[in-house]
Amino acid sequence: MARDLEARLRTGVQATPFCPGCGHGILMNLILRALDASGIPMEEMLFVSGIGCAAWIPSPHFKGDTLHTLHGRAIPFATGAKLFNPALRTLVISGDGDLASIGGNHLIHAARRNTDLTVICANNRIYGMTGGQAAPTSPRGTRTATTNRGNPHRPFDLCKLVLAAGAAYVARYAVTQPLALMEGIRRALEREGFSFLEVLSPCPTQFGRRNRFESPAEMLQSLMERCVTREEAGRMGDEELAERIVTGEFT
Amino acid sequence: MSITKVRSLLPAGTHYLSGNEAVAEGALAAGCRYYAGYPITPSSEIMERMADRRGEAGGVFAQMEDEIASICSVIGSVWAGARAMTATSGPGFSLMQEAVGYAALTETPLVIADIQRAGPGTGQATRVGSGDHMQARWGSHGDYQVISYSPWSVQEMYDLTIEAFNQADRFRVPVLLMGEEAVGHLREQVNVPPEVTLVHREKRAGAAPFGDTGPDGVPPMPSFGEGENLLVTGSTHDARGFRRTDDPEVHERLVSRINEKILNARSRIVRTEAHHLEDARLAVVAYGFTARSALYAVRRLRKDGLRVGLMRLQTVWPFAEQEIRELGRAVDRILVPEMNRGQVAGEVIKAADCEVVPFGQTNGEIIHPDRIAEQIRRLL
Ligand SMILES: Cc1ncc(C[n+]2csc(CCOP(=O)(O)OP(=O)(O)O)c2C)c(N)n1
């Protein structure tokens with residue numbers, strides 16, 4: 001199976017640019033597996049990304065049409081392409097800073113219009129590419145390059161936000177839940193209308209080292225411990241839930 | 001590049017339209033099938049006309065959440081194969097600037113109509129100005145070129161919009177139609193010919209979309225969905241679109257090419273019009289609505305025997321350097337009236353060896369012919 005996926009990679013592209021321990025490589029792998037499982041040929045795909053580490057997941061690695069755009073603007077670029085040529089199966093892949101901060105307005109409006117796009121937000125809860133500044137998804141208390149005493153603000157719950165704006169499909173998984181995540185990507189791709197998938201992806205370089213994770217493995221371990229399914233969450237009290245991340249489908 | 005002739009969408013003959021309606025009709029005649037925008041005075045009638053006419057013309061109309069989304073979606077649609085445009089005015093044009101630079105670097109053909117109002121800031125939203133020409137030229141960061149038109153009549157709002165689409169595709173460059181409120185809201189007769197000539201972007205399967213150029217420096221442009229596995233990026237890229245963000249040679253080559261493909265084609269882009277310049281000692285250089293006042297003043301003063309003429313700029317960018325240089329040799333003085341504080345006069349000063357007198361007016365009103373006549377009399 002792994003070698004089958006090579007046909008979906010652009011010829012001539014070798015190593016990914018991601019740091020050791022970055023979760024974006026796992027996500028990249030799972031997107032290709034989901035496309036393969038759904039039997040969607042790369043010729044039918046248009047991959048659109050903004051600016052940031054996550055935006056490099058499709059560009060240049062994926063052997064299909066790719067549009068690497070401006071910081072925050074992947075969704076409107078994708079909207080124009082999709083509206084003009086509805087045959088393009090359009091998948092947006094970008095970071096949390098890109099989609100939820102500078103591009104936040106585009107995100108909620110595309111959900112409201114229910115534009116037929118699939119959006120995958122690789123959420124590392126920090127600005128990875130620019131050196132680890134606070135993002136609108138950084139949990140309260142997080143140490144970042146701009147909050148060295150801990151982030152004073154609450155993070156967005158991206159799934160609730162996009163759900164409230166009217167998306168047709170909303171789900172959240174972590175890269176530590178590969179099978180569920182791959183299934184989620186497949187379902188998001190197959191759903192008509194605006195589909196949104198939040199994917200928790202560790203950033204050891206910018207998030208981990210500032211927040212006392214000794215190694216990438218420890219970050220993955222912590223993500224595994226904190227992620228619970230909606231069913232598990234239903235059995236937990238508020239205190240226990242406070243430190244958890246609820247995963248699964250919300251639509 | 002290929003050229004086709006298509007039947008005009010409006011019935012051939014004389015129509016009575018506003019300038020903004022004429023822009024929409026020109027766009028549809030030119031094959032524009034994707035429009036995205038956000039309402040702003042004094043340009044909104046373009047968007048409303050596009051929305052109304054979508055049924056007959058086909059294509060997509062999208063009212064977006066802001067001007068940034070509008071232009072970004074236009075770029076997306078162009079790579080999906082559309083001829084596409086947006087329209088706005090000063091504040092919205094400011095918001096679009098980052099994407100204008102993206103379009104220039106990715107060589108994305110598109111048209112923006114900027115129906116100028118009196119700025120800066122929110123300024124006078126319903127009043128006329130012509131203060132966005134330097135922004136049109138330098139609004140985005142870095143070195144790039146655009147083509148810009150300055151129509152003076154409703155007829156030209158129609159004709160130059162068609163030409164804007166053709167030049168955008170021919171040179172793979174953003175083209176700006178720099179209208180002014182006064183011409184956007186003016187109603188005049190427009191003569192619509194039965195046929196429209198369309199220039200289409202060149203397609204060549206397998207060619208490098210950012211490098212396989214002919215001598216004109218313009219590469220062929222495929223669209224998404226054609227099996228080309230396109231790699232489009234606003235970062236510095238090589239001929240096939242691979243990011244090369246720390247290679248000095250690739251960067252220099254790309255930036256030089258996107259500039260030179262326009263500058264080397266100046267003779268095919270720049271449009272000027274001479275009125276009564278044969279014996280002129282003083283020339284007025286004007287563009288847009290101001291050129292109407294200037295022509296009126298020139299004709300009246302010639303009746304009094306004054307040797308004055310007008311050179312009208314139909315394009316502002318790339319600048320008509322050579323034409324102005326020659327004009328500067330033929331006359332003693334040049335007067336440049338404009339509805340800003342000397343934006344184009346500065347370019348005239350750079351190009352002409354004779355004395356150049358700027359005459360700016362920024363009060364939200366058109367420049368009255370009497371004021372131009374007064375300046376001419378003072379100088380002659
Ligand atoms: C208009 C604009 N502002 C700022 C930047 C700088 N910038 C590049 S990437 C980025 C943030 C990336 O964070 P995120 O989207 O979360 O992706 P990650 O790198 O963490 O995967 C910023 C602020 C930019 N490129 N453009």
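Ala, Val, Leu, Ile, Met, Phe, Trp, Tyr, Cys and Pro count as nonpolar, Asp, Glu, Lys and Arg as charged, and the others, Gly among them, as polar. These classes are used in the legends below, which describe a predicted model.

**View 1. The largest cavity, with a lining of 13 residues.**
About 110 Å³ of space lies inside the largest cavity. A:Arg125, A:Ser201, A:Pro202, A:Met219 and A:Leu223 are the lining residues nearest its centre. Helix H8 of chain A, residues 216-226, gives the most to this lining. Its share is four residues. By class, the lining of the largest cavity has seven nonpolar, four polar and two charged residues. In the whole structure, a search finds five cavities of 30 Å³ or more.

**View 2. The second largest cavity, lined by residues of chain B.**
The space in the second largest cavity is about 60 Å³. Its lining includes B:Leu28, B:Cys32, B:Arg33, B:Tyr34 and B:Tyr35. B:Met50 and B:Arg54 also line this cavity. So do B:Gly58, B:Gly59, B:Val60 and B:Phe61. Three elements of chain B each supply at least two lining residues: strand S3 (34-37), helix H2 (44-57) and S4. Seven residues of the lining are nonpolar, two are polar and two are charged.

**View 3. The largest pocket, with a volume of about 910 Å³.**
The lining of the largest pocket has 30 residues. Nearest the pocket centre lie A:Pro155, A:Arg226, A:Ala242, A:Arg244 and A:Ile245. Four elements of chain A give two or more residues each to this lining. They are helix H5 (158-164), strand S6 (195-200), helix H10 (238-241) and strand S8 (245-249). Which element gives the most to the lining of the largest pocket? It is H5(A), with four residues. The lining of this pocket holds 14 nonpolar, five polar and eleven charged residues.

**View 4. The second largest pocket, with a volume of about 370 Å³.**
This pocket is lined by 21 residues. B:Gly101, B:Tyr102, B:Leu105, B:His141 and B:Gly234 lie nearest its centre. Helix H5 (97-106) and helix H9 (248-263) of chain B each supply at least two residues of the lining. H5(B) has the largest share, five residues. By class, eight lining residues are nonpolar, eleven are polar and two are charged.

**View 5. The interface between chain B and chain A.**
Here 34 residues of chain B are in contact with 29 residues of chain A. The two chains bury about 2600 Å² between them. Carbon and sulfur atoms give 62% of that area. In chain B, the residues that lose the most area to chain A are B:Glu65, B:Asn229 and B:Arg243. Together they account for 24% of what the chain B side buries.

**View 6. A salt bridge between B:Glu65 and A:Arg113.**
The closest N and O atoms of B:Glu65 and A:Arg113 are 2.7 Å apart. How many salt bridges are counted between chain B and chain A? The count is one. There are also 13 residue pairs in polar contact between these chains, both residues at pLDDT 80 or more. On the side of chain B that touches chain A, strand S4 (60-63), helix H3 (67-79), H5 and strand S13 (231-233) give two or more residues each. H3(B) gives the most, with seven residues. This side of chain B has 17 nonpolar, ten polar and seven charged residues.

Conventions
Residues numbered from 1 in each chain as written. Chains lettered and ligands numbered in written order. Predicted model: local features only at pLDDT ≥ 70, side-chain atom pairs only at ≥ 80, totals over all residues. Heavy atoms only, no water. 1 Å grid on protein atoms, 1.4 Å probe; cavity = no way out; pocket = protein on both sides within 12 Å on 5 of 7 lines; lining within 4 Å. Points joined across faces, edges and corners; volume = space filled by probe spheres on them. Contact = heavy atoms within 4.5 Å. Buried area = accessible area lost by both parts, 1.4 Å probe. Salt bridge = Lys/Arg side-chain N within 4 Å of Asp/Glu carboxyl O. Polar contact = N/O pair within 3.5 Å; in protein donor to acceptor, adjacent residues only side chain to side chain.
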